[in-house]
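Here is a brief report on a predicted model.

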Amino acid sequence: MKKINLLLILSLVAVLFTNCGKFCLEKRPKDIKPIDWENYNSVYDVFYNYYRLCSEQRYEDSEKTIMVSGWLYRLWGGYFILRNIPNHTNEDSEFPSIQLLIYGIEKEFIAKIDTCDLTKKCFVKGELIFGCAEAGLCSTSAPLIIIKNVDDIYFE
């Protein structure tokens, strides 16, 4: 009886791990454009090109320079998110606001952002990296952008 219970438990765990992607990830839209390494990409396209299980992440694009446009939203400290929806709207329906974490490593970056109009569209050039987040049985990876030069961000 103990062997049967153990086999049932192991089978259930195996099924959960096998189907983790179905439960952990938002359904990927079909209209995603491939990354354009020469021009600005939307937050939406960058997010969905790289949002996946950590075990399935394509790390060959890690540390490449990427250009992304969206609306910058201040979180805390030196962290910001670049969203696919304008800040001056009340829209929050996109999953999870289709956002990229942005981090500027220079004090000048924070000073520049403090003087900008965040209702205008933001254009960012930075280094693409990936972060993994553990949540229960799920381990998902999403893109992050590191801005190394304060001149690599502007608003229109």
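## Strand pairing

Serine 42 has serine 69 of β3 as its bridge partner. Strand β1 (residues 41-42) and β3 run parallel, joined by two bridges. Strands count as paired if DSSP finds at least two bridges between them.

On β4, leucine 82 is the bridge partner of leucine 72. Four bridges pair β3 with β4 in the antiparallel sense. Seven of the 10 residues of β3 are buried, so the rest of the structure largely encloses this strand. Buried means under 20% relative accessible area, exposed over 50%, and partly exposed in between (1.4 Å probe, protein chains only).

## Loop and surface patch

Leucine 75 sits in the loop between β3 (65-74) and β4 (79-83). Leucine 75 has 32% relative accessibility, so it counts as partly exposed.

Tyr73, Leu75 and Tyr79 make up a nonpolar surface patch. Together they have about 250 Å² of accessible area, by the Shrake-Rupley method with a 1.4 Å probe, where only the protein chains shown count as cover for residues. Nonpolar side chains (Val, Leu, Ile, Met, Phe, Trp, Tyr) are joined within 5 Å, like charges within 9 Å.

## Whole chain

The chain has four helices and eight strands. These are DSSP runs numbered from the N terminus: helices are H or I, at least four residues, and strands are E, at least two. Of the 156 residues, 38% count as buried.

## Basis

Residues are numbered from 1 along each chain as its sequence is written, and side-chain values use heavy atoms, without hydrogens and water. In this predicted model, local features need pLDDT of at least 70 and side-chain atom pairs count only at pLDDT 80 or more, while totals for chains, interfaces and linings use all residues.

Technical notes: Patches are made of residues with over 30% relative accessible area and no salt bridge: like charges are joined within 9 Å, nonpolar side chains (Val, Leu, Ile, Met, Phe, Trp, Tyr) within 5 Å. A salt bridge is a side-chain nitrogen of Lys or Arg within 4 Å of a carboxyl oxygen of Asp or Glu.
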